[in-house]
Amino acid sequence: MGQADKTVIEHVRECEFHTRFRQDLLDALKFVIIFSPFLTTKRAGSYYTILSDLIRRKVEVSIYTKPAAEQMGHMRDEHVRVKGVFQNLGISYGERPKMHEKIALVDGTILWHGSLNIFSQSESHESMLRIQSPELAGEIIRDLKLRGIYPLPIDPHVMDETDAPMADEPPVYCPVCGGMMRYFDNSSMWICGRAPDCNGVLFGPSAVEQHTGTEAHRDSGNQDRGR
């Protein structure tokens with residue numbers, strides 16, 4: 001195994017974390033996934049500019065938090081305000097009941113993992129590990145059931161194993177261009193892997209079943225006409 005293949009692990013305290021993490025965000029090219037159970041306007045507000053820049057650069061940003069009902073006291077109002085800003089920025093936003101994970105993934109190669117709430121930490125002492133490991137990042141993506149939002153462009157003619165559907169999930173093809181679609185769990189939505197060049201969308205399992213059923217019927221009809 002070459003030097004470039006080795007896992008690199010760094011321990012980062014709260015006093016250094018935000019500076020180091022912002023640098024990783026600046027370097028992001030494909031996607032960023034952040035798990036932060038709590039949101040405050042002060043801490044989250046310090047990230048609005050860089051998150052907006054990521055969206056402008058077409059880096060896919062997905063943020064997960066606890067639901068508003070699980071926020072405490074005044075933090076519930078802050079949660080609602082920050083959520084609104086995230087959504088207005090074009091960020092993919094999801095809520096996970098009983099969530100406790102504090103995690104960030106950048107481009108499937110960098111994993112931040114520890115005790116720090118990225119969008120609410122203020123004065124608390126925290127400990128985070130910065131891990132450079134595509135293997136471990138991929139394991140986290142699978143364990144948290146995030147495979148469907150792994151945001152690499154998908155071309156059915158040029159596909160590596162990271163772009164392929166999971167073995168137990170049959171591929172879904174775009175009703176507009178015929179390309180392979182990606183599933184976004186937090187919104188129960190299938191979006192064409194060629195977005196934004198193609199605007200093909202399917203909402204929920206029933207739409208997928210109807211679409212795939214139509215495709216099967218169409219194929220059967222084509223075969224009948226070919227006889």
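Colleague: Which residues of α5 are buried?
Modeller: In helix α5 (residues 134-143), A137, G138, I140 and I141 are buried, where buried means under 20% relative accessible area and exposed over 50%, with partly exposed in between (1.4 Å probe, protein chains only). Helices are DSSP runs (H or I, at least four residues), as are strands (E, at least two), numbered from the N terminus.

Colleague: Why are they on the same side of α5?
Modeller: They cover an arc of only 160 degrees around the axis, which puts them on the same side of α5. The arc is taken from the directions from the helix axis to the C-beta atoms.

Colleague: Which residues are exposed on the other side of α5?
Modeller: E135, R142 and D143 are exposed there.

Colleague: What do the buried residues of α5 pack against?
Modeller: They pack against β2 (31-35), β5 (103-106) and β6 (110-114), contact being heavy atoms within 4.5 Å.

Colleague: Turning to α3 and α4, at what angle do they pack?
Modeller: Helix α3 (residues 48-56) and helix α4 (residues 75-89) pack at about 25 degrees, with axes 10 Å apart. Axes are lines fitted to C-alpha atoms over the stretch in contact, and angles run from 0 to 180 degrees between N-to-C directions.

Colleague: Which residues make the contact?
Modeller: Y48, L51, S52 and I55 of α3 meet V82, V85, F86 and L89 of α4.

Colleague: What are the conventions?
Modeller: Residues are numbered from 1 along each chain as its sequence is written, and side-chain values use heavy atoms, leaving out hydrogens and water. In this predicted model, local features need pLDDT of at least 70 and side-chain atom pairs count only at pLDDT 80 or more, whereas totals for chains, interfaces and linings use all residues.
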